[in-house]
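Hi everyone, thanks for coming. Let me put the structure up, and then we can walk through it together.

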Amino acid sequence: MQELIILALVLPIVTGLLSLLQSKSGPLRAINLLGSGTTSAVLLLIIYRTTQDGNFSSEFLYVDHLSAVMLFVVALLTFTATLFSLSYMEQEVHDGIISELMLSWYYALLNLFSFAMISVLVVGNLGLMWVAVEGTTLASALLVAFYFNRDALEAAWKYVMICTVGICLALLGTMILYYAQVSTGGADQPLNWLALKSMAPRLDASIIKIAFVFILIGYGTKAGLAPMHTWLPDAHSQAPSPVSGLLSGALLSCALYVLVRNLIIVQGAIGTQFTQYVLLGMGMLSIVIAIPFVLVQHDVKRLLAYSSVEHMGIITLGLGVGTPLAVYAALLHIVNHAVAKSSLFYMAGVISQKYKTKSIRKIHGIASVMPLLATLFVIGILAITGSPPFSIFISKFMIIWAMFEHHYWLLGAITLLLLTGIFAGMMRYCLKMSFGAAHREVHRSKIAPSAMTAIVLSIAIIIIGGFYLPPLVNNVLLRAAEIVLGG
Amino acid sequence: MLIEQLYLVSLGLFILGSCSPMFTKGSAKATNYLAHGLATLGCVVTIVLAISVLLTGNHTVAFSLGAPIGLIKARIDYLAAYFLLAFGIVGVAASVYAIGYSREYYIHRLALMAALYNAFLLSIALVLTISQVLAFVIVWELMTVVSFCLVNHEYEKTGNTSAAYLYILMTHIGTAFIGIAFLLLATAANTLDFELLKTGALTGMLRNVVFLCALIGFGTKAGVIPLHIWLPEAHPAAPSHVSAMMSGIMIKTAIYGMSRFFLEFLGAGPEWWGQLVLILAIISSVFGVLYALMEHDLKRLLAYHSVENIGIILLGVGAGMVFMSKGLPVLAALAWAAGLYHVFNHAVFKSLLFLGSGAVLYATHTKDIEHLGGLIKKMPYTALFFLIGAAAISALPPLNGFVSEWLTFQALFFLPQAVGGLVGKLWSVILIALLGLTGALAGACFVKAFGVTFLAKPRSKKAEQATEVPGTMLVAMGFLSLVCVAAGVWPQWMLAILQKVLSSYAGIAAASLFQNSDWYAIAFQAQQAGGVLAMPVVVIMVIIGFGVAVVFARLAGSPKKDAGETWTCGIIPNARMEYTATGFAEPIRRAFGRVLNPVDVVIADKSRNPYHGVKITIHVHITHYISELMYRPVSNGLYTFANYLRKIQAGSLQLYIGYIMAVTVIVLIIGTRW
Amino acid sequence: MELLTILLLVAAILQTRVSNLRLAINIILVQSVFVALACAIIGFQTNETHIYIAALLTAIIKVGLIPYALYRVLPYLHEEREKRARREIVSANLSTFMALLAIILAYGMLSPKFPGVAVAYALPASISLVLIGLVFIMTRSQAVMQIIGLITMENGLYLLGLSMTQGLPLIIEMGIFFDVLVAVVVLVILTYRLKLSFMSTDTSLLKKLKG
Amino acid sequence: MSIALLAVQTIIIILLAPFIQGVIKNTKGRLQSRRGPRYLQPYYDFLKLLRKDSVISPTVSWIFHFAPYIYFATAIAAAALVPTVFTFSGLKFDNLFVLVYLFALGRFFLAAASLDAGSSFGGMGGSREMFISVLVEPPLMLALFTVAFRANSTNLSVMATTAAASTVSFSAVLAAVAFLIITIAETGRIPVDNPDTHLELTMIHEGMVLEYSGRPVGLIFWASTIKQAVFILLLVNLFVPWNITGIAPVLTALWMLLKVLIVAVLLACIETSTNKMRLFRVPGLMAAAGVFSLLALIAQ
């Protein structure tokens, strides 16, 4: 197991380094396809081993079902992102937006980013987790700024500044947590998650509470919870589309994962009441704040970015309700959202590449230019807004159901109605772009097979997930929910 | 066992139909016949299924889907079977019709349309049978999404996409409310199974919330005013056989949902529930028909009539709820039977009319009745069938619309037994008078629709060149016309079914309701209240009268018949002299000016001759107060507010960090003060 | 030790009054030297080896590499200075005042909360450093100044860790150092690119992405 | 047996209907200080019309030919179910809604036929006829239901029996006035419509059937008189309570005929003493009828 994990960590690094050495586009693509494919395979193997053998823990590494859920997200998304990048970035080179040289840098950074995300998920120490999370910011910062135009620089600057400030607060929280651990006499296993969890009930409640506030704000910033979400639409809209997909799908999930890991300890120490109320409040706020930006929006990728804010809100609500059903649904929602949102970002990438703009106002009639893509786009938007029969609906419905069961029925009802506001905005712009007459200068064209594979794969998962979850996945999720609830 | 097989076979046929375009290798003709043939078969099987359930009793089909949905139950009880019957009958007609009608779509993504059409039928069949909350919401939204795609199918035409958007948005909001209602019930009963939902103990307040949410949610789908705004946009935008399914059956699934809630899950509630439904119902019916009268787009006109008829259905439902709450089980049964019978009747004649309008569209490629005329000579059968539909929807005897309206009138007439005193009588009589008004307006509207479309001379080239539509379309319409007549002349069969449907619910005693009926007359008795109607006798009377008229006419031999042009004060008549639809409705437009607020804009083109203009254009429209006063301000306000709120993302890094600090401080303070 | 904390705070306050970039970098260098010294002193007091290593790392990274990186970017930024004219967000006096307020806040409110910390007197000082860093980021629009604010925050946090629990475990500590270093490098790259694209490193120009 | 009686009664109503029209016209003539037409003039008119040739526009379709027959048929069916001397509940169709909707059926076809010839006059007539019918419907329902509520039934026979047993009251008078107004509107008399006009633009009912000639006019004409008779009979049997029961049916019939004739004279008087209203004043009149009925209901 240990070897597998280390392999999973080393592979992206190796692939990244090889990419740097390679400047021809053909081998570059082959290396990356191979690299990310193997990495994903290794990750899936890790997940499988986890389901069979249970937890794995060593001094610094730790993998359980909760990490398995997230590893699945990262495995899938890094693979689809690489797959999508192959044709997308080549088109960018072809369009003269980036140079050949930059391409190898792009892949190197992408692999670095994957490495950072994987390391977040496999370390078992809260301090190292912090380091890895900050690592993801830094690895992705240059990807966000990749086009090095004014907008991209602005987005990257804000991204780094806000996230670093946020993450500093998280470090503060982690230090306070460590202090609590030390003062309870657990200095021999500093910030080890398992150790902390076992000693959680003995930790000083008032200190943990303060630690929790900082951790929540800190990782919440990274996870895009309102009102710390402000970097998110900028970064998501300016990054190259595959990276946007990764940011939205995988990075936010990783940040939430770290938050959840801390939450388990905090809830073990101070009970659930305070944390739940704060989480519910932040979740609701995220949904509410996303609405006006979705209703009135001019940039297709920002539209999707705000939808991510909303979904992080929904997931937080699920965590805030804190019943087994809610947590199960929240975890499922993380997966569903990641898959759907990344595919939407890929599609937005194809569209904006085709129309040479991200402005919603200038995009019409995708259906007559790229019929298949338009269909998938509408399906994706329907899915992301929580329409049945797609998998996101199931998890959303379960979260709200859990709210009703937990006597938050009014909150649940309000959430349902607020989500229709998101639906109104998303659907409005989606239809505006998909249908109507296309521009003269935009010609009907085919989409590169690798990009299409990435998109179709994601959409297929979303559709099938609406009806059927393999028992294996279901068990992993159930076990992960138990872990979140302190089991 | 048989039932289960039938059920699975019908679903399987729809699924097969949905997939069939994949196997036809792009041959439009093969796709058309295969997909719609399978749909027809599926509907036939559904009819058989419904009848066998009605004969043998309730059935439950359970199958497990595993996580995340869990065990799914499809319960085909009498209520579901009744709706399935209506679905099957309309579905058979629409599917057969589609075989002919789809020729229009050979170059317009026929494969997609045929697949979606089958999926649409599948989703309706599922909505009517699934009895598990989560699965129900899924198939409910599936139905919306599929029909949304069908509404949007001809997205090249302006307005269709925005109609589809409005449709899916409104129904999505409706679904949110339905979700709330279901979740409240489900958490109270701690189950997702429909059969057990009624066991949940809810406080009075929560019961009211459930009621209101169900009413709003299903009311949106049904098109109850003021939630109807999507309906007149979406129904005309869809292909005609789909419009027929949407108007005939899909909006009835909302009535199905209401019936489930108000009959089964909630049972008898406070009186104001029923009264609220009655108020909404009467507003829907009067305004629905008034707006219909103002339309001269044939399909929009029909769509507004759907609003009206949903109102009439809900009059029965509302009266039934009032009777239930007042402990008058037999009268409640009468009122519910009236409402549910109108469900069936409206399904039949409205889909007939939509199919007829589709035939007109097929032949002339226009829906604007001002450009039609004289089609009765080119398309005699279509005209006849449309006329039968028009007469049925105008509640003319001896067709089916009359019978259900008669039952509704009777139910409203006995309303004073539930609501005592003068108030009850006044309320009852006002409702009856307004329902009468609705009927008269519907009559006026269909004289207009039928007369302007089919009679006199063609008003345009398109109408002149029209020819009769293909046989499959005529067969479908003829079948529905027959059903219209049959359900009107011999309503006993359907009422016996309804008696069965209703007898299983608490607060309703349907068993003895129609026991005095003869083979030729329906009669109901509830304590002192009673009523009787013999439709065959009415028919015979009219036939005798007709015979007498013929005898009288032949009394004096057979005088000569000369052909001579229509009298137009001595000049040769042409089509432009004919009375237009707008002109026909003008007196009513003016008389109801207070609520319709008509606006006339006269534009005189004086460019060539400054003294008397060369060309005068008149734009006539009315003000839809509900969208003007309710939806527009809300949406404008929402967007203004959204624009205002967007200022929080002002682009300033310092501000953003300020947010983080502020929220940290706030949460810290909350945390330490907790 | 107490003297050191006071010096740290003085450096931080001094920072708020400076508009020259080179001077500001010098001050942050001095501040980092103080932090490294504090680290060493604590290591001396507690006699733990890993704190010495941490002190050494502080010296290398925060006194050495980071200022070096900042200095490297300076030549490209000549004529750039924190503008005190129109575009200022708050005046120098006000920002000093806010820094003082942060110190008072930290000393007044937070210290009694944590009984039994290792080096109690450094705690409020470190908190005030974090707050001052935040204030710095919020009130300065110069890119380099914001980086300096970030380093100040980092310093404060580091000191906090030291004073509360005698520092985090070494591997984590190293990770943090590495992150800080990379963060500054990334930011310096961005600053350089900003200068190229915008002809300025004034971050108050970065307001195009909104809504 | 009862079917035979019903048939006899219906035939008598049908046969006497033109006579009532004759009485009205004659009385009107006298009131206008001229010798009115003979009482039996309508019969002669009818017979003459049956023999006349017709001119048929080539524009028309079968609807045009069919409408007069269906109009006549519905009038006869209505005559069969209006309660007169004998009331029959055995055949189970004498429901007031059946009555109302039978008239609607006839009107529907006639109005459709008015559009068939494609002239503006016909369309105008049809449009206005439907307009009036829309306006009449609510007060008609209101007025009929004042009686129906008393009888607790919508069966006309039950209603007639109840009405016969009741005494004169304020409520009954109000209801009778309301129904009288409705009768005027339904039968196309002044002040709502002018049956004698020959100016196309002012006609309603006559305008609608303008394109007909010869035999169909005869049918429409007779059907209209039957409709008029039915409404007057409803008025006297449901709203004017002085019914004599318990005597020989022949005497009852004569008494009823007397009442009908009095109403006919009254209609003539009203028609003479007032002038035709503008079309858009009619809603006001109908509102008045509605208010009267509501007051009648309140006064019960």
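How far apart do the C-alpha centres of domain 1 of chain B and domain 2 of chain B lie? They are 51 Å apart. Domain 1 covers 300-554 and domain 2 covers 625-673, with bounds from an automatic or database domain assignment.

Some housekeeping: this is a predicted model, where local features need pLDDT of at least 70, side-chain atom pairs count only at pLDDT 80 or more, and totals for chains, interfaces and linings use all residues. Residues are numbered from 1 along each chain as its sequence is written, while chains are lettered from A and ligands numbered from 1 in the order in which they are written.

On confidence, chain A averages a pLDDT of 90, on the predictor's scale from 0 to 100, and 100% of its residues score at least 70.

Back to chain B, which has 25 helices and 7 strands; these are DSSP runs numbered from the N terminus, helices being H or I with at least four residues and strands E with at least two. Its C-alpha atoms fill a box of roughly 100 × 70 × 65 Å along the principal axes.

Now a helix pair: the axes of α12 (residues 298-325) and α13 (residues 329-364) of chain B come within 7 Å and cross at roughly 175°. The axes are lines fitted to C-alpha atoms over the stretch in contact, with angles from 0 to 180 degrees between N-to-C directions. So α12(B) is roughly antiparallel to α13(B), the label for angles over 145 degrees.

Finally, 11 residues of chain C are in contact with 10 residues of chain B, contact meaning C-beta atoms, placed from the backbone, within 7 Å. Thanks, all!

Definitions and conventions: Angles under 35 degrees count as roughly parallel, over 145 as roughly antiparallel, 65 to 115 as roughly perpendicular and the rest as oblique. Two residues are in contact if their C-beta atoms, placed from the backbone, lie within 7 Å.
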